[in-house]
Amino acid sequence: MKVLFFGDVCGKPGREGLAAAVPRLRERFAADLVIANGENSAGGVGITERTANDLFRAGVDVITTGNHVYRHREVYGFLDECDRIVRPANYPVGNPGRGHVVVDAAGRRVAVINLSGAVMLKVARSPFTEIDAILGRLEGDADVAIVDFHAEVTSEKVAMGWHLDGRVAAVIGTHTHVPTADGRILPGGTAHISDVGMTGSRNGVLGARRDQVLEALTTLMPVRFDGAEGDVWINAVAVEVGDDGLARSIDHVVEPAFEDA
């Protein structure tokens, strides 16, 4: 089977770019399952029911999130109700939403798991012990596992890849919005990349308007950030998964969202 994963979708430009790119990339890679990180889909920070549904209409099957998932209070009920969206599993147990889902794709049961890094981010439990517990509970209930590791530092992301090598199909890093060049299949058969990057405008700084970010950095004063527009690019990975539930290949996709760009 083939899994297509899109990096952090940033604001309206990212949502529109995703909608334009999903059909051609799904066809190009013969993808059976499409996953996207949507934690920045609402104005560049957070997610709402409306923006989540925009991603689903674009062809996304499962949405992962991260540290901005709770930015908009109106989404809390939707996180509890929707069984195709996940938030970091190592957040407090009583928080809205769920940390993993199991969906059917290509006749297989695929677990999509969301974790937050503990270095420079706030979590309730170590992502390493949390994933061990989740995989233990999923034994016999899932054939394939895909992990979105939403983390700040590459060292923690690389460590998670080694921790899960041979136990999951893919560990895909998100959060920094900057794609890394280390995508590979680890010796045990797990596809790993430290950060897939973002789906959004390259005219700004990590999806925000560059003039506002520069003002904040040069004056050290509070500045409201708005989303950048134009020059929308796709950052994604396509992972082929074998019958044993481990990866056969990983392809990094970095290209304009619109074919006429």
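Q: In which loop does His175 lie?
A: This is a predicted model, in which local features need pLDDT of at least 70, side-chain atom pairs count only at pLDDT 80 or more, and totals for chains, interfaces and linings use all residues. Residues are numbered from 1 along each chain as its sequence is written, and side-chain values use heavy atoms, with hydrogens and water left out. Helices (H or I, at least four residues) and strands (E, at least two) are DSSP runs numbered from the N terminus. On that assignment, His175 belongs to the loop between strand 8 (170–174) and strand 9 (184–185).

Q: Is His175 buried or exposed?
A: The term buried means under 20% relative accessible area and exposed means over 50%, with partly exposed in between (1.4 Å probe, protein chains only). His175 has a phi near 110°, a positive value in a residue other than glycine. Its relative accessible area is 13%, so His175 is buried.

Q: Why do the buried residues of helix 5 (residues 154–164) lie on the same side of the helix?
A: An α-helix has 3.6 residues a turn, so residues three or four places apart point the same way. The buried residues of helix 5 are Glu156, Lys157, Met160, Gly161 and Leu164. They are on the same side of helix 5 because they cover an arc, taken from the directions from the helix axis to the C-beta atoms, of only 145°.

Q: Against which elements do the buried residues of helix 5 pack?
A: Contact means heavy atoms within 4.5 Å. Just after helix 5, Gly166 takes a positive phi of about 85°. The buried residues of the helix pack against strand 6, helix 4, strand 7, strand 8 and strand 10 (191–193).

Q: What arc do the buried residues of helix 6 (residues 210–219) cover?
A: The buried residues of this helix are Gln212, Val213 and Ala216. They lie on the same side of helix 6, because the arc around the axis is only 100°.

Q: Which residue just after helix 6 takes a positive phi?
A: The phi in question is about 60°. The residue is Leu220.

Q: Which residues lie closest to the centre of the largest pocket?
A: On a 1 Å grid over the protein atoms alone, a pocket is an open set of points where a 1.4 Å probe fits, with protein on both sides within 12 Å along at least five of seven lines; lining residues have an atom within 4 Å of a point. The largest pocket has a volume of about 540 Å³, a volume being the space filled by probe spheres set on the points, which are joined across faces, edges and corners. Of its 26 lining residues, the closest to the centre are Gly44, Val45, His177, Leu206 and Ala208.

Q: Which helix gives the largest share of the lining of the largest pocket?
A: By class, the lining has nine nonpolar, 11 polar and six charged residues. Here Ala, Val, Leu, Ile, Met, Phe, Trp, Tyr, Cys and Pro count as nonpolar, Asp, Glu, Lys and Arg as charged, and the others, Gly among them, as polar. The largest share, three residues, comes from helix 1 (residues 11–29).

Q: Which elements give two or more residues to the lining of the second largest pocket?
A: The volume of this pocket is about 220 Å³. Its lining consists of 14 residues, of which Leu135, Ala142, Asp143, Ala145 and Arg167 lie nearest the centre. The elements are helix 4 and strand 7 (144–150).

Q: How many disulfides does a search of the whole structure find?
A: A disulfide is a pair of cysteine sulfur atoms within 2.5 Å. Cys10 is buried at a relative accessible area of 6%, and Cys82 is buried at 12%. The number of disulfides found is zero.

Q: What distance separates the C-alpha atoms of Asn114 and Asn90?
A: Asn114 lies in strand 6 and counts as buried at 0% relative accessibility. Apart from residues up to four places away in sequence, Asn114 touches residues including Thr64, Arg87, Asp148 and His150. Asn114 and Asn90 are 24 residues apart along the chain, and their C-alpha atoms are separated by 8.4 Å.
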